[in-house]
Protein chains: 2
Amino acid sequence: MKMKTLEDVFQDELFDVYDAEQRLIKALPEMAKQATDPKLAEALRSHLRETEGQLQRLEQVFKILGVKAQKEKCEAMKGLIEEAEQLMKHTAEGAVRDAAMISAAQKVEHYEIASYGTLVALATTLGHTEAADILHETLKEEKNADSMLSMLAEDHVNDNAMRQAA
Amino acid sequence: MKMKTLEDVFQDELFDVYDAEQRLIKALPEMAKQATDPKLAEALRSHLRETEGQLQRLEQVFKILGVKAQKEKCEAMKGLIEEAEQLMKHTAEGAVRDAAMISAAQKVEHYEIASYGTLVALATTLGHTEAADILHETLKEEKNADSMLSMLAEDHVNDNAMRQAA
């Protein structure tokens with residue numbers, strides 16, 4: 001099945017991120033549970049709620065476009081979550097694991113920043129103005145989530161991790 | 001094997017991105033070959049040369065730290081490159097494929113932006129000042145590469161793709 005038009009590419013990207021968000025919704029609760037730092041745990045729980053809203057926004061976009069969400073496996077998010085799980089498993093509990101988890105979570109955020117950045121650009125070119133606005137809301141949230149994680153790392157998590165005894 | 005210290009996490013992240021860069025060096029020539037737009041092809045070729053330099057910078061960092069690069073499989077970059085290959089295979093040649101390829105390449109760039117962002121933060125916390133400066137050089141290059149791709153998409157590639165007949 002070839003994608004022949006920019007509209008096809010746009011929809012394919014939507015289906016990809018729709019799968020990515022669903023995978024993330026499954027992965028975030030365990031990450032929040034493994035976090036020791038209360039602010040990190042709260043940031044991850046709050047991002048879970050945000051992600052559920054982002055999934056609904058995608059469904060809203062499908063409705064506007066009049067398309068049915070197609071099942072598509074997001075290989076990249078699968079790999080990103082696998083990496084996060086491996087990191088949690090292989091790091092000592094506490095601030096060291098928290099620091100590693102922030103790193104993994106920021107990779108996930110950046111995947112989504114790239115996806116929604118592309119989606120907003122494509123929706124705009126294609127004249128899907130309402131969809132572009134909705135997708136832009138999510139893009140802003142993803143960028144904020146990434147900044148919040150940087151802030152936590154730089155504020156105290158990395159320092160705490162450095163002090164954690166081997 | 002547990003990572004017990006922040007230094008362990010830092011080195012693990014270095015080994016991960018070292019594998020990621022090597023995978024990217026193998027994938028970029030085919031992407032450049034598949035690009036129709038001459039500016040996109042040139043941007044991908046130029047990023048290949050840049051990536052080779054980034055690999056050397058990592059080797060420089062290993063030398064400074066006195067560690068030997070360990071073989072580690074970067075699952076996320078594996079997934080990202082798989083996605084890029086699938087996209088190229090499943091899109092019609094020309095501007096539509098170019099637009100899809102920009103999307104895939106920006107996901108790769110964002111993975112690296114997240115990785116080097118973490119690496120700079122960890123190197124700074126750990127007092128590896130020289131390594132932090134070297135890694136920061138790469139971080140700047142990755143951000144520039146991402147901006148360049150956005151610029152190409154918004155300047156003409158997406159418009160050309162929209163005009164491409166189905």
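A: In this predicted model, 47 residues of chain A are in contact (heavy atoms within 4.5 Å) with 47 residues of chain B. The size of an interface is often given as the accessible area lost when the parts come together. Here chain A and chain B bury about 3600 Å² between them, with 62% of it on carbon and sulfur atoms; buried area is the accessible area (1.4 Å probe) that two parts lose on being put together, summed over both. Met3(A), Lys107(A) and His110(A) supply 14% of the area that chain A buries against chain B, more than any other three residues.

Residues are numbered from 1 along each chain as its sequence is written, and chains are lettered from A and ligands numbered from 1 in the order in which they are written. Local features need pLDDT of at least 70, side-chain atom pairs count only at pLDDT 80 or more, totals for chains, interfaces and linings use all residues, and side-chain values use heavy atoms, with hydrogens and water left out.

The rule finds four salt bridges across the interface of chain A and chain B, a salt bridge being a side-chain nitrogen of Lys or Arg within 4 Å of a carboxyl oxygen of Asp or Glu. Glu13(A) and Lys107(B) meet through their side chains in a salt bridge, at 2.9 Å from N to O.

On the side of chain A that touches chain B, helix 1, helix 3 (75-90), helix 4 (95-125) and helix 5 (129-163) of chain A each supply at least two residues. Helix 4 of chain A gives the largest share of that side, 16 residues. Helices are DSSP runs (H or I, at least four residues), numbered from the N terminus.

Finally, the two copies can be compared. Chain A is superposed on chain B by a rotation of 180 degrees with 0.0 Å of shift along its axis (RMSD 0.0 Å), using least squares on the C-alpha atoms of residues with pLDDT of at least 70 in both. The two copies are therefore related as by a two-fold rotation axis. The same surface serves both copies, as 100% of the contact residues of chain A recur in chain B.
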